Amino acid sequence: MAQYLPYIAMAVSTAGAVADYRGKQAQAQQLEAQAKQTELQGRVNAVAYKRQGNEVLRRMNQVLASNVARGAARGLNPFGSAGVVEMSNMYNRRLGVSEFQIARDNATMAKEMAKYQAGQQLTAAKTIKKLAPFQMMGKIATGYMTASQIGGADMGTTFADAVNPKRIFDFGV
């Protein structure tokens, strides 16, 4: 039984390394899904800001129409360029356009920030995918070294042969 202990340790180490590798793959997929969700949420926020801007313009038009109607009811020329109604309308236009521009800028920022955050998540996923195989091989190599310490120096093969991908993945096919 003791002669099989190094091989059991190596098998357990390899199984753990493969499980960790699969976990890293799942983590990368989760980050990719989060990136898509982040980008979608950014677009949703942008649409909400655009709606807010449209609502500001709609309210501004209501105020302008109300001012014109009030001015006409009082006997003032509502379309005169020097009247009180026109001054009030210019002030309301300036406020309305300013609020609309803020909403438009917020929509742009929401989309761009979502795109930036999604890019960071995709970069993290790509990094995990690149490093996961190396981490797996490192864990297998560590397991081999531990197993060789348990079972003696040789275990029937050299360290270079133990981590050789051709030997590991050669299934006799």
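How many helices and how many strands are there in the protein? There are four helices and zero strands. Along the sequence, the pattern reads α-α-α-α. The model is a predicted one.

**Overall picture**

The protein has 173 residues, and 25% of them are buried. Its accessible surface comes to about 12,000 Å². Carbon and sulfur atoms hold 60% of that surface. Consider the contacts with a separation of 6 or more: 74% of them are between residues 24 or more positions apart.

**Helix α1**

Helix α1 covers residues 5-73. Gly-75 follows α1 and has a positive phi, near 90°.

**Core and buried contacts**

Helix α2 covers residues 84-151. Which residues form the largest nonpolar core? The six are Met-10, Ala-17, Met-136, Ile-140, Tyr-144 and Ala-147. Both α1 and α2 supply at least two residues of this core. The most come from α2, which gives four.

Gln-121 is also in α2. Is Gln-121 buried or exposed? Its relative accessible area is 13%, under the 20% limit, so Gln-121 is buried. Leaving aside residues up to four places away in sequence, Gln-121 touches Leu-31, Gln-34, Ala-35 and Thr-38.

Ile-102 is another residue of α2. Ile-102 counts as partly exposed, at 48% relative accessibility. Gln-52 and Ile-102 are 50 residues apart in sequence. In space, their C-alpha atoms are 9.8 Å apart.

**Salt bridges**

Side chains of opposite charge can pair when their charged atoms come close. The structure holds six salt bridges.

| Salt bridge | N to O distance |
|---|---|
| Lys-139 and Asp-20 | 3.0 Å |
| Glu-55 and Arg-58 | 2.3 Å |
| Arg-59 and Glu-99 | 3.8 Å |

Take Lys-139 and Asp-20, which form a salt bridge. Lys-139 lies in α2 and Asp-20 in α1, so the pair ties together parts 119 residues apart in sequence. Lys-139 is partly exposed, with a relative accessible area of 39%. Asp-20 is partly exposed too, at 26%.

Arg-59 and Glu-99 also form a salt bridge. This pair links distant parts of the chain, with Arg-59 in α1 and Glu-99 in α2, 40 residues apart. Arg-59 is partly exposed at 40% relative accessibility. Glu-99 is partly exposed at 39%.

Glu-55 and Arg-58 both sit in helix α1. They are three residues apart, so about one helical turn separates them. An α-helix has 3.6 residues a turn, so residues three or four places apart point the same way. Glu-55 is partly exposed, at 30% relative accessibility. Arg-58 is partly exposed, with a relative accessible area of 40%.

**A nonpolar patch on the surface**

Which residues form a nonpolar patch on the surface? They are Tyr-4, Leu-5, Tyr-7, Ile-8, Val-12 and Ile-150. Together they have about 610 Å² of accessible area. Helix α1 gives the most to the patch, with four residues. Tyr-4 is in the segment before α1. At 48% relative accessibility, Tyr-4 is partly exposed.

Definitions and conventions. Residues numbered from 1 in each chain as written. Predicted model: local features only at pLDDT ≥ 70, side-chain atom pairs only at ≥ 80, totals over all residues. Heavy atoms only, no water. Patch = residues over 30% accessible without salt bridge, like charges linked within 9 Å, V, L, I, M, F, W, Y side chains within 5 Å. Areas by Shrake-Rupley, 256 points an atom, 1.4 Å probe, with all protein chains shown as cover. Salt bridge = Lys/Arg side-chain N within 4 Å of Asp/Glu carboxyl O. Buried < 20%, exposed > 50% of the residue type's maximum accessible area, 1.4 Å probe, protein only. Contact = heavy atoms within 4.5 Å. Core = buried A, V, L, I, M, F, W, Y, C linked by side-chain atoms within 4.5 Å.
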